[in-house]
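Me: Could you walk me through this model, one question at a time? I would like to see how each answer is reached.

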Amino acid sequence: MVVIETRNVVKRYQTGGETLTALKGIDFAVEPGEFVSIMGPSGSGKTTLLNLLGLLDDPSEGEVLLDGEDVTGLSDKEQTRARKRTIGFVFQNFYLIPTLTARENVEIPALFDRDPTVEDRSVDLLGRMGLGDRLDHRPDQLSGGQKQRVAIARSLINEPRVLLADEPTGNLDRETGRQILEEFAAVTERDVAVIAVTHDELVNEYVDRVVRLVDGYMGEDAPTATGAAGGPSDAVESAVEEVAGGESDESEASASDGDPEGEGS
Amino acid sequence: MIGGFDRRLPSLYMARRNLSRTKVRSVLAALGIVIGVIAIASLGMFGLTLRYQISESLGGLGNQVLVTPGEDADGSISVRDLREIETVAGPETTVVPSKARSTVVTYGRGGGGGGGDPAAGSERRIVRGVENPGLIYTAREGEIPDPYRSGALIGPSVAEQYDLGPGDAISINGSSTRVVAVLEAGNGFGFMSPSNDIILPNREFQGRGYSQVLVSTESSTVANETAVALRSELNGRRELVQVQDFSSVADSIGQTFNALNLFLIGIGSISLLVAGVSILNVMLMSTVERREEIGVLRAVGFQKRDVLKIMLSEAVLLGLIGGIVGVAFSLVAGMVINHFIVGDALLAFRPSNFLYIGLAFTFGVGTSLLSGLYPAWKAANERPVEALRS
């Protein structure tokens, strides 16, 4: 059972006269309730992959499947609808709307729905995030960790199947980062898959598996490795590094993590 | 807002929040619309008030019909024709027939102290005979006798030129007559301005026919109808009378004022155009600043249409606020204009003024909507991937 999947996805960008291939054939699948991190050096295509998974961008080749349904080539309107129904986003910079209260920010994705249960759900979600006493605070009255928890609540308001997080701990100190990761782990208990793109090795203490992207290839598909990609499930298997007991090898991680500053655009 | 969003108009709620985020900028943008609305409304009202004032002071212009002998008449209007004119004109109108004769008039003979007057002299001029001058003229000095049997009435210009007043004597065709009244110049144009006239009682004239008949009606429309009726009733195959009326002149004055009004409103529209550009500028700045935020909205499931609605609501909200404030100020401006031109501030609430105020308001909101279209379209069509690339 797979909730989101890419099949031989290639993404090329046209920059100036040159063609840049950001993803060179990615096969990747995530099951419900799975917590996966995508790691890799700057420019390895992590964010590009996240955008494709989030239906924010279309692949040049290959397909993206949501619940077994091919969503590539859908119109903007259909993609937006699928995104709203299935996918939640959490960003490094939180991206809360400064003029709205915590509760209003959580309700934003359902703003045009005329759904009377939204208010109850937002209060409930913020309560679960430990922000029951911060409902009517504005973002500038909240700490970084609180903001990120509001953002997680926002991403969950439409009860998505997949939560995509772009550097969710990037702007947080280590302790707050842990709290956020624990929230993600709690989210996966409810069968929501969490895919986090990150430089932060701390994340790997909480994930079920780590996927590494290098130069547009995933895991062992990288040019240094031998053997071509097999079927999609094979590729996913080979790309997986089981992380036992939340422990990770710090030295190896820093070696592969070339540029901790963030992804170049 | 307690209890979450205003669920009925979420885009308006978002728009209000966004505008209040940059208060000064929003107020300035709305101020542009305020000025534009005031400009259109008050220039329109100004033109209208000017027109009202002029038509008031023109007074009888257009209310009168002048009947003179036609080509086929024997140089005068017969008594029978006069009866027919009275019948056609109806009881509501004033019909004043008069006669005219060219004769020698000598000033400064006899009377009080006019003896050595340098202006004294004699000349040949037209003297008119009117049966009941009290109906159409008022006296500035002296009194118009009723019934009018003797004495002369003179126009103000004649009185001034020869330094004459009531009690002075003039000689007409050799026989001396006393001046009984100096007439009021009358307001404005029309056929009955008596400033250069010398008027005698009708019975001083021989002959039964009249040289002209003046018909005064209550309005220019009635005057026009009367003129048409007179032409068709009195003139059969032969043209017995010539009928003149001023309704075409009144029409063309009205047209001139319409053109003037359009011109003034055109000038006002330019200021609204400037306001539109300023809203365009504000909205574009706002879409650039909120690029990431709009990207997030798109990522969490807002359709392009939803973003478009929010941005357009902002523009329309600016226009509505500007329009309402502008209308309030325009009413004040209208009262000031009416107070100084017509002397009655409450005339600002004439229905035709509200036409201009409504027009200005509509233009104001319309301009805002138009100016918001491009920024809103731009924001809605930004790809979220680009917007979120930080």
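Reply: Happy to! Helices (H or I, at least four residues) and strands (E, at least two) are DSSP runs, numbered from the N terminus. This is a predicted model, in which local features need pLDDT of at least 70 and side-chain atom pairs count only at pLDDT 80 or more, while totals for chains, interfaces and linings use all residues. Residues are numbered from 1 along each chain as its sequence is written, and chains are lettered from A and ligands numbered from 1 in the order in which they are written.

Me: Where is Pro147(B) found?

Reply: A cis peptide bond joins Asp146(B) and Pro147(B), with omega at about -5 degrees. As for its place, Pro147(B) is found in the loop between β4 (139-142) and β5 (152-154) of chain B.

Me: What pLDDT does chain A average, and what does chain B average?

Reply: pLDDT is the predictor's confidence in each residue, from 0 to 100. Over residues 109-118 of chain B it stays under 50, and over residues 221-265 of chain A it is below 50. At least 70 is scored by 83% of the residues in chain A and by 91% of the residues in chain B. The averages are 82 for chain A and 83 for chain B.

Me: Which ipTM and pTM does the model score?

Reply: These two scores are given for the model. They are ipTM 0.79 and pTM 0.69.

Me: Which element gives the largest share of the side of chain B that touches chain A?

Reply: Two residues are in contact if their C-beta atoms, placed from the backbone, lie within 7 Å. By that rule the contact takes 27 residues from chain A and 19 residues from chain B. Elements giving two or more residues to the chain B side are α1 (10-21), α7 (291-299), α8 (304-341) and α10 (384-387) of chain B. The largest share, 4 residues, comes from α7(B).

Me: How many charged residues does that side of chain B have?

Reply: Ala, Val, Leu, Ile, Met, Phe, Trp, Tyr, Cys and Pro count as nonpolar, Asp, Glu, Lys and Arg as charged, and the others, Gly among them, as polar. The side of chain B that touches chain A has 7 nonpolar and 4 polar residues, and its charged residues number 8.

Me: At what angle do the axes of α1(B) and α8(B) cross?

Reply: Axes are lines fitted to C-alpha atoms, for helices over the stretch in contact, and angles run from 0 to 180 degrees between N-to-C directions. The axes of α1(B) and α8(B) come within 8 Å. Residues making this contact include Leu12(B) and Ala15(B) of α1(B), and Ile310(B) and Leu317(B) of α8(B). The axes cross at roughly 65 degrees.

Me: Is Ile26(A) buried or exposed?

Reply: A residue is buried if 20 or more other C-beta atoms lie within 10 Å of its own, exposed if 12 or fewer, and partly exposed in between, with C-beta atoms placed from the backbone. Ile26(A) lies in strand β2 (residues 18-30) of chain A. Its contacts beyond four places in sequence are Thr6(A), Val9(A), Leu49(A) and Met218(A). Because Ile26(A) has 32 C-beta neighbours inside 10 Å, it counts as buried.

Me: How many residues of helix α1 of chain A are buried?

Reply: Helix α1 (residues 46-53) of chain A is mostly covered. Among its buried residues are Lys46(A), Asn51(A) and Leu53(A).

Me: Which residues touch the most other members of the largest nonpolar core?

Reply: A nonpolar core is a set of buried Ala, Val, Leu, Ile, Met, Phe, Trp, Tyr and Cys residues joined through C-beta atoms within 7 Å. The largest has 122 residues, and helix α2 (residues 23-58) of chain B gives the most to it, with 13 residues. Those touching the most other members are Val162(A), Val194(A) and Ile195(A).

Me: What is the phi of Asp67(A) near?

Reply: Asp67(A) sits in the loop between β4 (61-66) and β5 (69-70) of chain A. With 16 other C-beta atoms within 10 Å, Asp67(A) is partly exposed. Its phi is positive, in a residue other than glycine, and is near 55 degrees.
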